[in-house]
Amino acid sequence: VSQSRYLDDVCLDLLQKIANEFETIFHNMKFDFKMIKYHLGIDFPRDRVHDTMCMHYVLDENDSHGLKQLALKYTDYGDYDSPLDDFKKEYCAQHGLLQDEFTYDLIPFDIISDYAAKDTGVTYELFQKFWPIIQKNDKFAWVYRKLMMDGTLFLMDMEEVGIPVSQERMRAAKLYLDDEIQRAKEVVFSFDAVKDFEKASGKIFNPGSVMQLREVLFDYLGLQPTGKKTGTGAISTDAEVLKQLAEEHPLPGAILTVRQLSKIQNTYINKILPEIDRDGRIRTNFNLTFTTSGRLSSSGKFNAQQIPRDDPIIKGCLLAPKGYKIVSQDLTTAEMYYAAVLSGDRNLQKVFSSGGDFHSTIAHMVFSLPCAVEDVKKLFPAMRQSAKAISFGILYGSGAAKVSQTVSKATGEDYPLEQAQADIKAYFTKFNKLKRWLDDRKAFISQNGFTYSFFGRKRRLPNVFSSDKGIAAHEVRSGINMEVQSLASDMNLLGAIGTANECKARGLDANIFMLVHDSVVALVREDQVDEYCEILKRNTQADRGCSIPGSPIGVDQDIGDDYSFGDWDSTYTIVSHEAEDGSQHNKLARI
């Protein structure tokens with residue numbers, strides 16, 4: 001149905017007047033706002049919009065936030081989109097179409113209009129149910145307005161900026177990975193255990209098959225399972241297990257190499273290259289309602305939260321255009337910083353106030369080491385590693401056994417369980433208020449089955465009442481983690497929102513295009529980099545009532561031509577490559 005038949009200029013003018021005069025209620029605003037503006041040219045005043053998806057997330061972060069599910073749960077409309085599905089199935093059967101090939105412009109107007117009207121009715125009815133509840137709770141209201149709505153509007157703009165991608169580097173990386181994967185597979189197939197499996201089964205071994213992998217590793221090779229299980233109780237063969245088994249035999253390490261290279265190839269190279277827009281950027285989704293902790297997630301054409309860290313092959317493909325720089329800012333030791341804030345532990349706060357290397361300072365304080373703080377890393381590496389393992393482990397419920405294992409692996413020296421127990425005791429003796437805070441939070445969550453973040457996010461934790469002590473303990477740890485992680489994530493988001501608003505007000509050619517974990521990544525015109533960095537740091541370190549007096553959260557800023565900030569150039573180079581058909585291509589090569 002053509003737009004002009006039903007939406008002429010008169011209709012569009014009236015719709016714009018309605019948008020200007022009244023508050024507009026969306027469900028999944030980030031999508032609909034952009035679609036309506038792009039196709040119809042209608043804009044909505046940003047201070048007069050609502051999103052029932054965000055409302056429901058505030059009210060129940062554990063549940064599904066899809067409109068269909070909420071309609072079934074909270075309204076009498078029922079499964080109102082079933083006529084669309086029925087028509088789709090019938091149309092595809094009659095015309096020999098695959099359902100993936102069906103497009104919704106094929107649906108007759110009388111069917112789609114009825115659906116659209118009910119879609120609107122469901123959204124409004126949900127608003128009438130959710131909004132009064134949010135208004136009555138000051139915490140919910142603040143989270144909804146300042147984090148969810150302002151955050152959604154910010155992400156909406158950020159997604160439109162797009163992530164700059166070098167197609168030349170990515171194509172060269174594809175050729176390189178094709179060869180590396182083939183070589184890695186040849187190593188795997190060279191082992192007798194694999195040959196024996198193929199001979200006995202009559203199948204070609206597939207390193208990606210969990211069933212075949214278990215058989216090869218544990219039956220043919222004779223390795224002992226590590227004890228780690230999957231969610232269904234089966235023997236795990238994940239990356240952590242393969243790393244552990246690789247210490248006993250080279251085959252698991254070779255399989256892990258194939259997996260890692262294939263994941264980079266399939267998740268990034270093969271998926272991104274066909275989806276790059278004409279301006280050399282890829283546009284993907286950043287989500288506020290997908291995680292229970294409040295951390296951002298990424299989905300769609302490019303998963304920004306899972307870019308490989310250990311190899312700069314993908315980071316180096318995110319290349320700034322000429323005249324611009326990529327600027328990334330990370331929060332430093334964010335979770336421990338906010339644990340110090342939330343616990344009110346003065347000794348832990350002093351570590352941040354003193355500056356210097358965090359883990360060296362911790363080790364120096366806890367173990368009374370007979371040297372200057374700056375010499376701890378050199379003279380007492382095991383003690384520093386112990387302090388690091390304990391600091392990060394305590395927020396995730398790690399005990400002495402895990403700390404012992406972590407330090408032994410990091411230092412290459414035996415770190416006995418008894419020593420780990422003594423070090424943890426010394427740690428909590430020094431930071432006793434942190435220990436009391438952790439114990440208090442554990443008791444509160446265990447008793448109530450929920451907790452609140454500093455800014456008012458509610459985390460509902462019903463499994464603390466499980467009869468399975470392991471499940472209950474994990475749920476308690478999840479609640480404590482949420483209090484710390486959500487604060488770090490929210491502070492990063494608020495800093496990014498403030499920065500984007502200030503840059504826009506100043507007219508700077510500086511655009512944030514990605515939030516990854518505790519970092520903010522932007523594309524900035526070269527002559528404005530210093531000004532942007534000052535704005536970002538100031539907005540991130542702004543006092544929002546959760547800072548150590550006189551010692552705001554630390555930030556590290558990197559500036560470069562690509563997102564690897566020099567690692568790509570020091571690892572790879574592009575060389576000319578002649579294909580079998582005689583054509584010339586650029587190919588990546590390790591330096």
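Predicted model: local features only at pLDDT ≥ 70, side-chain atom pairs only at ≥ 80, totals over all residues.
Which residues line the largest cavity?

Residues are numbered from 1 along each chain as its sequence is written, and side-chain values use heavy atoms, with hydrogens and water left out.

First, the terms. On a 1 Å grid over the protein atoms alone, a cavity is a set of points where a 1.4 Å probe fits but cannot get out. A pocket is an open set with protein on both sides within 12 Å along at least five of seven lines, and lining residues have an atom within 4 Å of a point. Grid points are joined across faces, edges and corners, and a volume is the space filled by probe spheres set on the points.

The model has two cavities of 30 Å³ or more. The largest cavity holds about 90 Å³ of space. Its lining is made of L288, G294, R295, L296, S489, D490, N492, L493, L515 and H517. Helix α22 (residues 469-506) contributes the most to this lining, with four residues. Helices here are DSSP runs (H or I, at least four residues) and strands are too (E, at least two), numbered from the N terminus. By class, the lining of the largest cavity has four nonpolar, four polar and two charged residues. Ala, Val, Leu, Ile, Met, Phe, Trp, Tyr, Cys and Pro count as nonpolar, Asp, Glu, Lys and Arg as charged, and the others, Gly among them, as polar.

The second largest cavity holds about 70 Å³. Residues lining the second largest cavity include Y57, E61, F140, R460 and M482. At least two lining residues come from each of α4 (52-59), α8 (138-161) and β9 (458-460). The classes here are five nonpolar, two polar and four charged.

Two of those residues, E61 and R460, also form a salt bridge (2.3 Å, N to O). E61 sits in the loop between α4 and α5 (67-74) and R460 in strand β9, so the pair ties together parts that are 399 residues apart in sequence. A salt bridge is a side-chain nitrogen of Lys or Arg within 4 Å of a carboxyl oxygen of Asp or Glu. Buried means under 20% relative accessible area, exposed over 50%, and partly exposed in between (1.4 Å probe, protein chains only). E61 is buried, at 5% relative accessibility, and R460 is buried at 16%.

The whole structure has 33 salt bridges. Another one joins E483 and R441 (2.9 Å, N to O). E483 belongs to helix α22 and R441 to helix α21 (residues 432-448), so this pair ties together parts that are 42 residues apart in sequence. E483 counts as buried at 5%, and R441 does at 17%. Salt bridges with shared partners also join E502, R506, E531, E534 and R538 into one network.

Last, the second largest pocket, with about 840 Å³ of space. It is lined by 31 residues, and K30, F31, K34, E159 and N285 lie nearest its centre. The largest share of this lining, eight residues, comes from α3. The pocket lining divides into 11 nonpolar, nine polar and 11 charged residues.
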